[in-house]
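Work through the exercises below with the sequence and the model open. Each task is followed by a solution in steps.

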Amino acid sequence: ELGTRERLVFALRYLESMTLGEIATTMGISLSTVKRAHARAVLEVGRWVASDRDLAGFFEEGQGPYEA
């Protein structure tokens, strides 16, 4: 399960399209802290997706939400 910081960093990065530097400034934390939280969040979300057969299939090449 993701902690609050990791969830917030993930949301700001991928839902609000903020850079890691912008996130650090907005949250008032160091860039290195943001990078660590982002890395943990991406790893955990990847594990979550990989463990769910329906989600894993959705994100296979050619089937994601951003494919033309």
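**Exercise 1. Find the residue that lies over the face of Tyr14.**

Solution. Arg13 lies over the face of Tyr14, at 5.6 Å from the ring centre. The rule asks for NZ of Lys or CZ of Arg within 6 Å of the ring centre and within 35 degrees of the ring normal. The model is predicted, so local features need pLDDT of at least 70 and side-chain atom pairs pLDDT 80 or more, while totals for chains, interfaces and linings use all residues. Residues are numbered from 1 along each chain as its sequence is written, and side-chain values use heavy atoms, without hydrogens and water.

**Exercise 2. Classify the aromatic pair formed by Phe10 and Tyr14.**

Solution. Step one is the rule: rings of Phe, Tyr and Trp (its six-membered ring) pair if their centres lie within 6.5 Å, and planes under 30 degrees apart count as stacked, over 60 as edge-to-face and the rest as tilted. By this rule there is 1 aromatic pair. Phe10 and Tyr14 form it, with 4.8 Å centre to centre and 50° between the planes, which makes the pair tilted.

Step two is the position in sequence. Phe10 and Tyr14 are separated by about one helical turn because they are 4 residues apart in helix H1 (residues 4-14). Helices here are DSSP runs (H or I, at least four residues), and strands are E runs of at least two, numbered from the N terminus.

Step three is accessibility. Buried means under 20% relative accessible area, exposed over 50%, and partly exposed in between (1.4 Å probe, protein chains only). Phe10 has 26% relative accessibility, so Phe10 counts as partly exposed. Tyr14, at 42%, also counts as partly exposed.

**Exercise 3. Is His38 buried or exposed, and which residues is His38 in contact with?**

Solution. His38 is found in helix H3 (residues 31-51). His38 counts as buried because its relative accessibility is 15%. Contact means heavy atoms within 4.5 Å. Leaving aside neighbours within four places in sequence, His38 is in contact with Val9, Arg13, Tyr14 and Leu20.

**Exercise 4. List the residues of the largest nonpolar core.**

Solution. Such a core is a set of buried Ala, Val, Leu, Ile, Met, Phe, Trp, Tyr and Cys residues joined through side-chain atoms within 4.5 Å. The largest has 8 residues: Val9, Leu12, Met18, Ile23, Ala24, Ile29, Val34 and Ala37. H1, helix H2 (20-27) and H3 each give two or more residues to this core. Ala24 touches Ile29, Ser30, Leu31 and Val34, not counting residues up to four places away in sequence.
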